[in-house]
Amino acid sequence: CPAPAPAPAVRSPVPRSRRAAKRRGNIKPRQSFSFPEVSAVSVFFQIPMWSSLNAAEAGDVDEVRRLSSDPRVDLEAIHEMKKCTALWMSASEGHDECLSILLDAGADSNAVDQDLYSNTPGYQAAKYGHHRCLSILIAAGADMSAANKNGSTPMIVAAANGNVDCLRALIDAGVDASQPDSNDDRKTPLLFATSEGHAACADLIRSCTSKPTKSAAAAAQEL
């Protein structure tokens, strides 16, 4: 039987103009391109404003100290994802030494976060029971009577969460323990403490609400 016919040659899908140029011999070779090698570390440290917040969040004291003295670092920069400053993060995480370094470098002790409620650093410290950070902020003159968008203050959140050491630090600083929240129901710290079952906080508030208190600013000057 006759041999099968050879398969037709498949022509390369090269554009007609390129084939013509190849026949004329004046086609230029394709130029290769490669991206420069960039490590994740080098990219990270090209953004020093975010480096300070990440160091503060991790409690890296040496890195916070180094970045606080770097003139390129904006200590008031708001992190794009976490919506807060490095000092706010230090107070929230309870890193008191990092907090002191940032305060000494001139960071704002009242800088609120840009998220839902606009909490202050003092509010965060009181919320999570970081009484050392709270005392440091009080000594730095931070406003402990400022309410967030939900009407809550550091005193209220400390009472509601049962953080008696934070509550004591606020009372010792002269913060008004009878100041209610700014919502329509006007709930006091004592009401929050009792409704949440924090007997120690409730007893502490009762023991001081009948006594005259000094202003937080006057107490901060004495520290």
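The protein chain has 13 helices and 0 strands. Read along the sequence, its pattern is α-α-α-α-α-α-α-α-α-α-α-α-α. This is a predicted model.

**Confidence**

The average pLDDT of the protein chain is 82. A score of at least 70 is reached by 71% of the residues.

**Burial and contacts**

The protein chain has 223 residues, and 38% of them count as buried. Take the contacts with a separation of 6 or more: 65% of these link residues 24 or more positions apart.

Nonpolar side chains tend to be buried together in soluble globular proteins. Here the largest nonpolar core has 47 residues. L102, L134, L137, M144, L167 and L170 have the most contacts inside this core.

Setting aside neighbours within four places in sequence, L170 contacts L134, I138, M144, P154, M155, A158 and V175. Two of the residues with the most contacts in the core, L134 and M144, are among these partners of L170.

Packed helices are described by the angle between their axes and the distance between the axes. The table gives the two helices with the residues that meet across the pair.

| Helix | Residues | Residues that meet the other helix |
|---|---|---|
| α8 | 131-139 | H131, L134, S135 and I138 |
| α10 | 164-172 | D165, C166, A169 and L170 |

Helices α8 and α10 pack at an angle of about 15°, and their axes lie 9 Å apart. An angle under 35 degrees counts as roughly parallel, so α8 is roughly parallel to α10. The crossing of the two helices is right-handed. L134 and I138 belong to the α8 side and L170 to the α10 side. L170 is in contact with both L134 and I138.

**K82 in a loop**

K82 sits in the loop between α4 (61-68) and α5 (86-93). Is K82 buried, partly exposed or exposed? Its relative accessibility is 33%, so K82 counts as partly exposed.

Not counting residues up to four places away in sequence, K82 touches L53, N54, E57 and M89. Of these, M89 falls in the range of α5 (86-93). K82 and D113 are 31 residues apart in sequence. In space, C-alpha to C-alpha, K82 and D113 are 8.5 Å apart.

Methods: Residues numbered from 1 in each chain as written. Predicted model: local features only at pLDDT ≥ 70, side-chain atom pairs only at ≥ 80, totals over all residues. Heavy atoms only, no water. pLDDT = per-residue confidence, 0-100. Core = buried A, V, L, I, M, F, W, Y, C linked by side-chain atoms within 4.5 Å. Buried < 20%, exposed > 50% of the residue type's maximum accessible area, 1.4 Å probe, protein only. Contact = heavy atoms within 4.5 Å. Axes fitted to C-alpha atoms, helices over the stretch in contact; angles between N-to-C directions. Helix = DSSP H or I, 4+ residues; strand = E, 2+ residues; numbered from the N terminus. Parallel < 35°, antiparallel > 145°, perpendicular 65-115°, else oblique. Left-handed = near helix turned anticlockwise from the far one by under 90°.
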